Amino acid sequence: STLLNRRGSRLNSLAFVALIMLLYNPNWLFDVGFQLSFIAVTSILVFAPILQAKYRARTRVGKYVWTSFVISVAQLGTAPFVIYYFFSFPVYFLLANLVVIPLITILLYWLVLLVIMIEINYVAVVLAYLSKALASLLIAVVHFVSQLPYASIDGLSIYPYEMVLLGCLAVSFHYLLSSNKAIG
């Protein structure tokens, strides 16, 4: 879109990526990871801008907490799929995301830097060590949160038609948030 001097669409770009991936391997449509990834990103792209506009934090910490909250709430779009495939729902996902999101972001940057600096041995060794330590910290945080009392509601079940109904509810929620009639 930049080359054609046109305004790009994140949802169109995401749909294009999904189409290319499915043309390469149509069976990925039935892969849980594929479904969860694309539903999560779609939910974030659809709901995050609307929720972000509802409140403007004044401090850095406030902005960080609000942005993490918005991304976490937007990820609720994956909830029906998580329940359908795993028969449980994580209760403390908001708490976990406050720590997990920045840790993953830092880890991704370090790993990209590691790939760039792989030829410089001493730098690569330090970056690899830091990446491993950060990954271990990330695993420890997730494990800690998963061990909290009532960390997960287990034994849930959802039928495909209920997933469709929840999708309709999500579309209605989006309409409510984006309309001028929404409270806030």
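Visitor: Which helix gives the largest share of the lining of the second largest pocket?
Guide: That's α7, with 8 residues. Helices here are DSSP runs of H or I, at least four residues, and strands are E runs of at least two, numbered from the N terminus. This is a predicted model, where local features need pLDDT of at least 70, side-chain atom pairs count only at 80 or more, and totals for chains, interfaces and linings use all residues. Residues are numbered from 1 along each chain, and side-chain values use heavy atoms, without hydrogens or water.
Visitor: What else supplies at least two residues there?
Guide: α2, α3 (60–74) and α4 do, along with α7 (160–178). A pocket is an open set of 1 Å grid points where a 1.4 Å probe fits, with protein on both sides within 12 Å along at least five of seven lines; lining residues have an atom within 4 Å of a point.
Visitor: And the largest pocket, what gives the most there?
Guide: α5 does, with 4 residues. Others that each supply at least two include β1 (88–90) and α6 (121–146).
Visitor: New topic: how do α2 and α4 cross?
Guide: The axes of α2 (residues 32–54) and α4 (residues 79–86), lines fitted to C-alpha atoms over the stretch in contact, come within 10 Å and cross at roughly 160°. So they're roughly antiparallel (over 145 degrees).
Visitor: Which residues meet?
Guide: V32, Q35, L36 and I39 in α2 meet F81, V82, Y85 and F86 in α4, where contact means heavy atoms within 4.5 Å.
Visitor: How many of those are nonpolar, polar or charged?
Guide: 7 are nonpolar, 1 is polar and none are charged.

Conventions: Axes fitted to C-alpha atoms, helices over the stretch in contact; angles between N-to-C directions. Parallel < 35°, antiparallel > 145°, perpendicular 65-115°, else oblique. Nonpolar A, V, L, I, M, F, W, Y, C, P; charged D, E, K, R; others polar.
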